[in-house]
Amino acid sequence: MKVMDFIEKTLKNNKMHMTLLDPDKQEPEKAAALAEKAVEYGSDAIMIGGSTGVTSKNMDATIRAIKSRIEKPVIIFPTSAGALSPSADAIYFMSLMNSKSPVFLVRQQMIGAPIIKNMGIEPIPMGYIVIEPGMKVGEIGMADVIPRTKPELAAAYAIAAEMFGLRLVYLEAGSGAPEPVPSEMIKAVHESVNIPLIVGGGIRDAESARIAVNAGADIVVTGTVAEDHKKLYVLRDIIKAVKS
Ligand code: 1GP
């Protein structure tokens with residue numbers, strides 16, 4: 001089954017959780033062990049990506065190690081066209097919609113598109129919107145970050161994403177953000193579009209995950225909490241909150 005079909009099918013009955021692992025932050029075997037734990041706790045897919053230090057070598061090695069241990073989809077969350085892998089099940093083919101640079105709007109995508117086509121991995125078109133503070137991805141992606149007080153601006157970008165025919169929209173506060181995307185903003189976007197809404201960045205406890213889901217997030221992404229082996233119980237509680 002295609003990964004997008006799996007996402008749509010799962011969302012018919014349930015909210016989803018995805019675990020983000022950065023291939024630059026641990027060895028492939030460690031990433032695979034973390035992915036296995038996350039899936040055991042109920043995470044629906046593993047996303048692989050990071051803002052810096054991602055190469056096609058560590059991307060491919062990490063994906064292969066993970067795929068040898070789990071059945072759930074492994075999706076590339078790309079930084080650039082220079083760090084792709086044919087071992088993934090799919091790639092978020094995304095445009096950073098509020099970037100000030102055409103590099104992140106369409107140029108990296110132009111460079112990557114023929115490579116992805118040759119590799120035969122499934123592209124999932126996604127509108128990526130970076131919310132204040134945006135953290136590293138906001139800086140690197142030259143985002144004109146959406147102020148936390150402007151839910152209508154995030155909603156307008158999301159409507160544009162849907163009108164472009166993109167299949168998913170992602171509200172991103174940035175990995176390690178001190179606070180997640182505000183619930184009013186999630187609600188405004190949820191009420192404005194019919195495509196599934198992904199929310200991530202700064203979700204570090206079950207309560208924040210519950211708030212995001214109650215506001216209308218369809219898919220919750222956590223990265224940082226999955227990186228600390230000693231804090232995996234937090235990941236378990238977050239996944240439980242998303243699914244309940
Ligand atoms: C970043 O939304 C993801 O792209 C996850 O963020 O690391 O803060 O969970 P965290």
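**Exercise 1. How many helices and how many strands are there in the chain?**

Start with the conventions. This is a predicted model, where local features need pLDDT of at least 70, side-chain atom pairs count only at pLDDT 80 or more, and totals for chains, interfaces and linings use all residues. Residues are numbered from 1 along each chain as its sequence is written, and side-chain values use heavy atoms, without hydrogens and water.

Step 1. Take the DSSP runs: helices are H or I of at least four residues, strands are E of at least two, numbered from the N terminus. The chain has ten helices and eight strands.

Step 2. Check the overall form. The radius of gyration is 16 Å, close to the 18 Å of the globule rule for 244 residues, so the chain is as compact as a globular protein of that length. (The radius is taken over C-alpha atoms; the rule is 2.2 Å times the number of residues to the power 0.38.)

Step 3. The C-alpha trace spans about 45 × 40 × 30 Å along its principal axes.

**Exercise 2. Work out how the ligand is held.**

Step 1. List neighbours, with a heavy atom within 4 Å. Among them are Leu20, Phe77, Tyr170, Glu172 and Ser175.

Step 2. Find polar contacts (N or O pairs within 3.5 Å). Ligand oxygen atoms lie 2.8 Å from a backbone N or O atom of Gly202 and 2.7 Å from one of Gly223. The side chain of Thr224 has an N or O atom 2.5 Å from a ligand oxygen.

Step 3. Judge the burial. Alone, the ligand exposes 310 Å², and the protein buries 97% of that (Shrake-Rupley method, 1.4 Å probe).

Key
Polar contact = N/O pair within 3.5 Å; in protein donor to acceptor, adjacent residues only side chain to side chain.
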